[in-house]
Amino acid sequence: MHDCLMPSRTLHLAAVIAVSLAMVAGGLIWLLSGNQEEPGPPRADARDGAASKEADASHPIEHVIFIIKENRTFDHYFGRYPGADGATEGRLSNGEMIALNPAADVLGHDLGHGFFDGLKAINGGRMDGFDTVTDGFTLDGYTQFGRAGLPAYWAYADNFVLGDRMFSSMYGPTFPEHLYTVAAQAGGVTGNKINRGEKVPGGYCDDPSERVDRFEKLSSRQSAMVMAAEERVDTDRVDDFWRRDAPCFDFDVLPDLLNDAGVSWRYYGDAGFYSALLAIRHIRFSRYWGPNVVANERFLSDVRNERLQEVSWVLPGVGHDEHPGAGNHSVCEGENWTVRHMNALMRSKYWKNTAIVITWDDFGGFYDHVPPPHLDVMGLGPRVPLLIISPWAKQGRVDHTTWEFSSVLKMIETLFGLGSLTERDRRADDMMSAFDFDRPTKSKDRRLILEPRDCPPIAP
C-alpha cells in the first residue's frame, strides 16, 4: 500500500536547475515567481484562447459545483479505502513506523499546516516530518477514519469517483490554497493574512492594515535556489526570498474567463478568512459583488428555487468545513452538511447535467504517505481527499490521475470551452477520466439519497 508512482525526488533535485532554466524558455518564470504586483500578463493576454461556451457541446455537463472543505489528507480520510493508494501506518521523524490510530470526530486543537509545516512534513519526499509541524508532537496527525467514521463520504466513493492522487496546490495554508481554487496561482502568497491592529469587516482588499508573506520576483537562478532549499527543508533560506505585502491583488481569476465567455457563475463565500475573492480587487469592488459573490448559506435556496448558475464555488463555512481546532468543529456535522447539499442537488432538476467536485484545501497537519510532485517554488503540497459526484461519473472508480486544484479549473475550462489562466491550469489534467459520457445514463438511477446521521455529543 505504500508503493508510489511518483518519480524519485532525489533525481528530481539533481534536475532542479536544468528544469528551472527550461522553464524560462517556456515562459514559466512568472509562475515560479508568481508574486508581482499583478502576477501574470495583462488581463487581455492572460485569457489565452477564451472561447464561447458553445465551443464544446459534446458532453451533457451544464453545471459544475466546486465544494472546498478544510484541512484533511487522503490517508486521514481514505487511507483504509479498498483499492486506493492508502496507508494505515506512518513514519515519524526518528524513522519509527507507528499505526495510524482512530481519529476523533472533534479535534480540539489545530495542527501546523503553514508553508514551512508543509516543507517539514514532506521532508524532501521522505514524508516523515508530520510530528515536527506545530503541535505535531501530540501525534494527533497520525490518525485516520474508516468507513464507520465517514459513512457518507465512503458511500459516495463506492458509487462515484474517489481521486487518490489529488494534491494540494502548495505547501499550505488556507488562504493561498483558496487563491489556487479561483486563479490557478496564489500570486506568490505563502501564508494567511497578518493583521497589524486595525480591524475591518471582511479584510483583504477591505483592510489596508493587513499583510501577507509572498515570494519576491525571482530569477531562474533564484527559483532553482529556492527549490533546492525546499528539498533540504532549509526554511531560513526560503524565507530570504519572501517579502510582506498587502493582500489585495489584480491577477486574473476564473470568473473573468467565465464573464468573457458568457458563462454564469456564483461564489458562495463572501466573508471569512478563506474567501479568496475578497483579495481580488477587480472582483471585490465591482458589480459582481452581491449578485455573484454571496453568502454561503444561499446555496441551498438557489438550488431549491432553481437559480443555480453554471459554475459555483461553495465554501461550507465555520462549523461545517471540518477544520480542526477552535470552535469544536465536528467532522460528523461537516459530513451531514455535505449529505444535505448532495440530497438537494440529486432531487433537483440540475442533477441530470451536473458535476460536483468536493475536496479539502490543505493537509491540516495530518499524515499522508505519498510524496507530492515538486512543480515549482509553491509546491505541490500533500494529498487531500477528492470526490467527484455526478450521474456521468464512473461508478465506484478510484482514479489514480495526478491532480491539484488547478485541475478543477482545467475541467471547467474544458467543459465550457475557455482559455487558461496560468501554466498550472494550462498543463493540468482536465479530469475527464472521471467521467463516462458514452454510457447511457438515467440520472434518477444514479441518485444516492443518504440520511444525515446522529453525531457524537461535543464536550463543552
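The accessible surface of the chain is about 16700 Å², and carbon and sulfur atoms account for 51% of that area. The model is predicted. Of the chain's 460 residues, 61% count as buried.

**Overall make-up**
- The chain's secondary structure consists of 16 helices and 15 strands.
- Taking contacts between residues at least 6 apart in sequence, 81% link residues at least 24 apart.

**Confidence**
- The average pLDDT of the chain is 88, and 85% of the residues reach at least 70.
- Residues 1-8 have a pLDDT below 50, and this stretch makes 21 contacts in the model beyond near neighbours in sequence.
- Residues 10-55 also stay under 50 in pLDDT. For this stretch the model has 100 contacts beyond four places in sequence.
- Where pLDDT is low, the predicted coordinates should not be read in detail.

**Packing of helix 11 and helix 15**
- Two packed helices are described by the angle between their axes and the distance between the axes.
- Helix 11 covers residues 254-261 and helix 15 covers residues 405-416. The two pack at an angle of about 5°, and their axes are 11 Å apart.
- Angles under 35 degrees count as roughly parallel, and helix 11 and helix 15 are therefore roughly parallel to each other.
- On the helix 11 side, the contact involves Leu254, Leu257 and Leu258. These meet Leu409, Ile412 and Glu413 of helix 15.
- Sorted by class, the contact of helix 11 with helix 15 has 5 nonpolar residues, 1 charged residue and no polar residues.

Technical notes. Residues numbered from 1 in each chain as written. Predicted model: local features only at pLDDT ≥ 70, side-chain atom pairs only at ≥ 80, totals over all residues. Heavy atoms only, no water. Axes fitted to C-alpha atoms, helices over the stretch in contact; angles between N-to-C directions. Helix = DSSP H or I, 4+ residues; strand = E, 2+ residues; numbered from the N terminus. Parallel < 35°, antiparallel > 145°, perpendicular 65-115°, else oblique. Contact = heavy atoms within 4.5 Å. Nonpolar A, V, L, I, M, F, W, Y, C, P; charged D, E, K, R; others polar. pLDDT = per-residue confidence, 0-100. Buried < 20%, exposed > 50% of the residue type's maximum accessible area, 1.4 Å probe, protein only. Areas by Shrake-Rupley, 256 points an atom, 1.4 Å probe, with all protein chains shown as cover.
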